[in-house]
Protein chains: 2
Amino acid sequence: MKTVLVVEDELKIARLVRDYLHQAGFAVLEAADGAAALSLARSEQPDMIVLDLGLPEVDGLDVTRRLRATSSVPIIMLTARSEESDRIVGLELGADDYIVKPFSPKELVARIRAVLRRADATLGGGEVVRAGPITIDIPKMRVTVGSEEVELTATEFQLLLTLARHPGRIYTRAQLLDALHGVSFESYERSVDAHVKNIRRKIEPNPRRPELLLTVYGVGYKFADA
Amino acid sequence: MKTVLVVEDELKIARLVRDYLHQAGFAVLEAADGAAALSLARSEQPDMIVLDLGLPEVDGLDVTRRLRATSSVPIIMLTARSEESDRIVGLELGADDYIVKPFSPKELVARIRAVLRRADATLGGGEVVRAGPITIDIPKMRVTVGSEEVELTATEFQLLLTLARHPGRIYTRAQLLDALHGVSFESYERSVDAHVKNIRRKIEPNPRRPELLLTVYGVGYKFADA
DNA sequence: CACGCCCTTCACGAGTTCTCCACAATCGGC
DNA sequence: GCCGATTGTGGAGAACTCGTGAAGGGCGTG
């Protein structure tokens, strides 16, 4: 059984989430503020964390940052629609996904399941990465879609690999640029779009309706979840 | 019977080592300085070399470097405890093992046996590497394309061998330089290109359209896949 | 000590890729 | 459905990468 740590200061929401997760078969830990969250995360080693960004005292982003300093536990952020910039910062700090309030508990459970599935799958990390119909042979730098091999440039390869390593996980343009050129490389974020376009042309059956390399409107891109 | 070249400037130690090795059943050659060591190594082709790093005149590391330029004879370094950085550099230059002074002659003999055993195993294990029409006889350092033998320099041989051992696998210039000179050897990455050019001239039917030693644009080189 | 071999380095040209732009298409909120 | 914001797209020039011939120097050999 998987354990989920829910970090939420509003009692009503906390209770609601807890009940739904219980019903869905998860063990639930609760924390009402950042300090408690960090402490519980360390002592109980939950399988994943659902984190409200609108916490009192210690900011949710700060919690993310501190968790990431020592752990790679999957994190789903809860954010209000207005906090768009926070969402982006959160993803850049290494959160795995976000849910916008108001949300349906059903959606929350679905996302938690998806993230956990991903985390399990990612652990086996070897020389070959598989995601959907895509197979990526890293040392040989070869990519196949179904049984057909496609030719990618070095940059395209790197970009696709980054996304396919964690299907479903959302990456901002800045993160993807970092993956391509190393951190703090100044350039036009939208050149990512151009590469995405070129990759889609090579791997998507119908590039106008992407099924593998998906756009997350207002945020960035992700590789399609299973 | 195996021949060991002992390079040691302190007479007392040299004699001690020689006697022990004799008793252990080795033929022993002796050199008191780097120049003599290089000369003897070339003319007598010993099965392995025991090398004191604290030599006068030509430095022990320099001797290692020069030996490795033309030979893969196993080398055991003798070092004083203080010369830790030298040990590391030595291993990176391709020494096989090191012994810290003071040492027991028994340990020396044991290590020599171990290194020789390893060397033999290596020879027996992967004597010949085949990839496409290329056959590489490692102990004899001979390369044939189809049925024709080609003459490669030591560097070219090493480079081709590295690539041919894993056809299809992509190596960056830095990786290939490491394979040639040991890690952290500063040099112009594009000298790899020059060697590739020279190898192609020798093994490719049409060097303008390589079929065996392929360029991976923006990354490095690879040996052709199946 | 001169010679030859080999490795490194450089500079130029040819080819490939990346970036960036402008405009069109799409998305999300109202 | 309308509107502003965001993303898709084709193309052009900049930037980068690679092949190549040749120069220079180190090292071993005669």
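Which elements of chain A have the lowest and the highest mean pLDDT? In this predicted model, local features need pLDDT of at least 70 and side-chain atom pairs count only at pLDDT 80 or more, whereas totals for chains, interfaces and linings use all residues. Residues are numbered from 1 along each chain as its sequence is written, and chains are lettered from A and ligands numbered from 1 in the order in which they are written. The lowest mean pLDDT among the elements of chain A, 79, belongs to helix 5 (residues 105-123) of chain A, and the highest, 96, to helix 8 of chain A. Here pLDDT is the predictor's confidence in each residue, from 0 to 100. Over chain A the mean pLDDT is 87, with 95% of its residues at 70 or more. Helices (H or I, at least four residues) and strands (E, at least two) are DSSP runs, numbered from the N terminus.

Chain A contains an open sheet of five strands in the order 2-1-3-4-5, with parallel pairing; two strands pair if DSSP finds at least two bridges between them. Strand 2 (27-31) and strand 5 (97-101) of chain A are the edge strands, each pairing on one side only. From one strand to the next, the twist averages 20°. Within the sheet, four bridges link strand 1 (residues 3-7) of chain A to strand 3 (residues 48-52) of chain A in the parallel sense. A:Leu5 has A:Ile49, in strand 3 of chain A, as its bridge partner. Helix 1 (residues 11-23) of chain A lies across strand 1, strand 2 and strand 3 of chain A, and runs at about 165° to strand 2 of chain A. Axes are lines fitted to C-alpha atoms, for helices over the stretch in contact, and angles run from 0 to 180 degrees between N-to-C directions.

Helix 3 (residues 60-70) and helix 4 (residues 84-93) of chain A pack at an angle of about 5°, their axes 9 Å apart. Helix 3 of chain A and helix 4 of chain A are therefore roughly parallel to each other; angles under 35 degrees count as roughly parallel, over 145 as roughly antiparallel, 65 to 115 as roughly perpendicular and the rest as oblique. Helix 3 of chain A contributes A:Leu61, A:Thr64, A:Arg65 and A:Arg68 to the contact, and helix 4 of chain A contributes A:Asp86, A:Val89, A:Gly90 and A:Leu93. Two residues are in contact if their C-beta atoms, placed from the backbone, lie within 7 Å. By class, the residues of this contact are three nonpolar, two polar and three charged. Ala, Val, Leu, Ile, Met, Phe, Trp, Tyr, Cys and Pro count as nonpolar, Asp, Glu, Lys and Arg as charged, and the others, Gly among them, as polar.

In chain B, an open sheet of four strands has the order 6-7-8-9 and antiparallel pairing. Its edge strands, each pairing on one side only, are strand 6 (128-131) and strand 9 (148-150) of chain B. Strand 6 of chain B pairs with strand 7 (residues 134-137) of chain B over four bridges, in the antiparallel sense, and B:Val128 has B:Asp137 of strand 7 as its bridge partner.

Strand 12 (residues 220-223) of chain B pairs antiparallel with strand 10 (residues 170-172) of chain B over three bridges, and four bridges join strand 12 of chain B to strand 11 (residues 213-216) of chain B, also antiparallel. B:Gly220 is the bridge partner of B:Thr172 and stands opposite B:Val216. The hairpin of strand 11 and strand 12 of chain B has three residues between the strands, and B:Gly218 takes a positive phi near 80° there.

Helix 6 and helix 8 of chain B pack at about 90°, with their axes 10 Å apart, and are therefore roughly perpendicular to each other. The contact involves B:Thr155, B:Glu156, B:Leu159 and B:Leu160 of helix 6 of chain B and B:His195, B:Asn198 and B:Ile199 of helix 8 of chain B.

Between the chains, seven residues of chain B are in contact with five residues of chain A. The chain B side consists of four nonpolar, two polar and one charged residue.

Around DNA strand C there are 20 residues, of which A:Thr155, A:Tyr188, B:Thr153, B:Thr155 and B:Tyr188 come nearest; a residue is near a molecule or strand if its C-beta atom, placed from the backbone, lies within 6 Å of it. Helix 6 (154-165) and helix 8 (191-203) of both chain A and chain B give two or more residues to this surface. Its residues comprise eight nonpolar, nine polar and three charged. Around DNA strand D there are 25 residues, and A:Asp193, A:Lys197, A:Thr215, B:Asp193 and B:Thr215 come nearest. The surface near DNA strand D has eleven nonpolar, four polar and ten charged residues.
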